[in-house]
Amino acid sequence: MKFISTRGVAPALNFTDTVLAGLASDGGLYVPEQLPSFSRKEIEEMAGLDYCTLAFRIIRPFVGDALTNEELKCIIERSYAGFRHSAMAPLVQTGTNEWILELFHGPTVAFKDFALQFLGQLFDHLLKKRDERMVVMGATSGDTGSAAIEGCRHCKNIDIFILHPHNRISEVQRRQMATVLSDNVFNIALEGNFDDCQNIVKASFADQTFLPDGRRLVAVNSINWARIMAQIVYYFYAALRLGAPAKTVNFSVPTGNFGDIFAGYLAREMGLPIDQLVIATNANDILHRCISENDHTPRPLVRSLSPSMDIMVSSNFERLLFDLYGKNGSAVSELLEDQKSPMHLSETALGKAREVFTSYRVDDRRTLEVIRGMHDSCSYLLDPHTAIGVEAARQVRRSMEQPMVCLSTAHPAKFPEAVASALPSNQIKLPSHMMDLFEREERMKLLPNELRAVHHYILKSLNK
Ligand SMILES: *Cc1c(COP(=O)(O)O)cnc(C)c1O
């Protein structure tokens, strides 16, 4: 299978090069030239498969000859071996035809583990085969960093450097990263904010000459195609449990960078009967404004109770635009040329988007009410991100007969402050594998907000 850029200029790549490339050289994102699709009969035959076997069926067509069947099976098994629920992604019923898909049973208790455990195993395998070492560099405001570190901590051919803004992430999030003491894991607390961290990472990717010969940077953010691909699996998994392909199933997704819900869109394109995908946003509502009133104007960032959805512009939206504009890379380039000025979709593109996507915005006050309401109605505790998805689904769902699956993207214990303000009497407990998080030793490096200081530290720390 070949992968092409959404800007239409960069050369097509095979699977391995796509996974190791990150952003395309023309600034676009890689997407498959042609999506695999499954017939109704093929989907029927997937009913009842365990998570890993299903993942193999879904991922296999993307991989081509980059991996043998045995290699791919092994990578998948290892990726999900550390999950703490044997169903990997269990469904919980919270209303008539309303379901929660719990995606927080991985090592860092957020859904990002589904993609980043897989990506770490994939990197390790591909690099070993090429006898190459690479450097992972990323900026985090919380969830991505810990999931990336957990994904890469056992990779022999990777050194991972994660920058976070010093004193500006939650204590649970910092400890989840800084208590990983592997020799190839380096946490940098930067004296700056998240944008400063991101600027240093961007500048490093743009000019990698600071690295020794033969080393390259590799991206773990959601522009990496392998992350999207791994996320397609749980849409199939959930829908099959609820009667697909005979039944149509819908999904509501707490959305930030549009990676998670885009995987749902791909599942639909690959043949899964999905009628509606709900884009649930917090006050940072650029996608809601785009879908509901064709206004895709970036606005200043607002800090919310659901920090993992606090974004100004969603990077993966470009992948959808590419489809909406008939895979015309120059049309996408033109549309995105000036990220700062308002972007308006054509009537045709917007119409196509609205066939499947509906959007809704939920503010902090309502988020807390939903957490409280769900606790009262079925003794189920929602994290603030998931609460937004649930509320959006309830407000805009088209069918009460078709199942609506709300993706639960994080365990409530990951955001104890929000849950405590919704339910003051609730004593929220960390999952058992994280019980001693506050006693574990931490290791991180405090650095000034200077590119040279960060590069110096990376050079000094790299494993031979
Ligand atoms: C990353 C994240 C999201 C947003 O996912 P996207 O793929 O960026 O849209 C939502 N909830 C939680 C808890 C997350 O960590």
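**Stop 1: the parallel sheet**

This is a predicted model. Begin at Ile 162, whose bridge partner in β7 is Asn 187. Now widen the selection to both strands. β6 covers residues 158–165 and β7 covers residues 185–190. They run parallel and are joined by 6 bridges.

**Stop 2: the mixed sheet**

Move to the other open sheet on this tour. Its 6 strands come in the order β3-β4-β12-β9-β10-β11, and the pairing is mixed. Colour the edge strands, β3 (91–95) and β11 (357–361). Each of them pairs on one side only. The twist here averages 25° from one strand to the next.

Zoom in on strand β10, residues 274–281. β10 runs parallel to β11, and 5 bridges join the two. Look for Leu 277, which stands opposite Phe 357 in β11.

Two helices come next. Select α10, residues 259–269, which packs on this sheet. The strands touched by α10 are β9 (249–254), β10, β11 and β12 (404–408). Its direction makes about 170° with that of β10. Then select α11, residues 286–293, lying across β10 and β11. The angle between α11 and β11 is about 130°.

**Stop 3: strand β4**

Stay with this sheet and select residues 98–102, strand β4. Is β4 enclosed or open? Of its 5 residues, 5 are buried, so the strand is largely enclosed by the rest of the structure. Turn on the side chains. Glu 98, Ile 100 and Glu 102 point one way. Trp 99 and Leu 101 point the other way. In a regular strand, side chains alternate between the two faces of the sheet.

Now check the partners. β3 and β4 pair in the antiparallel sense over 4 bridges. Leu 91 has Leu 101 as its bridge partner in β4. The two strands form a hairpin with 2 residues between them. Click Asn 97 in that turn: its phi is positive, at about 60°. With β12, β4 pairs in the parallel sense over 5 bridges. There, Glu 98 has Met 404 as its bridge partner.

**Stop 4: two crossing helices**

Show α5, residues 112–130, together with α9. Their axes come within 8 Å and cross at roughly 130°. That angle makes the two helices oblique to each other. The crossing is right-handed.

Display side chains at the contact. From α5, pick residues including Phe 114, Phe 118 and Leu 122. Facing them from α9 are residues including Met 229, Ala 230 and Tyr 234.

**Stop 5: Ile 75**

Select Ile 75 in helix α4, residues 69–80. Is Ile 75 buried or exposed? Its relative accessibility is 4%, so it counts as buried, the cut-off being under 20%. Show what it touches: Leu 67, Phe 118, Gln 121, Leu 122 and His 125, leaving aside residues up to four places away in sequence.

**Stop 6: the nonpolar cores**

Finish inside. The largest nonpolar core has 114 residues. Those with the most contacts inside it are Tyr 80, Phe 118, Phe 236, Phe 251, Leu 345 and Phe 357. Helix α9, residues 225–241, gives the most to this core, with 14 residues.

Centre on Leu 345. Beyond four places away in sequence, it touches residues including Cys 290, Leu 321, Tyr 325 and Leu 350. Last, pick out a second, separate core of 22 residues. Among them are Met 309, Ala 392, Ala 393 and Leu 423.

Definitions and conventions:
Residues numbered from 1 in each chain as written. Predicted model: local features only at pLDDT ≥ 70, side-chain atom pairs only at ≥ 80, totals over all residues. Heavy atoms only, no water. Core = buried A, V, L, I, M, F, W, Y, C linked by side-chain atoms within 4.5 Å. Buried < 20%, exposed > 50% of the residue type's maximum accessible area, 1.4 Å probe, protein only. Contact = heavy atoms within 4.5 Å. Pairing = 2+ DSSP bridges. Axes fitted to C-alpha atoms, helices over the stretch in contact; angles between N-to-C directions. Parallel < 35°, antiparallel > 145°, perpendicular 65-115°, else oblique. Left-handed = near helix turned anticlockwise from the far one by under 90°.
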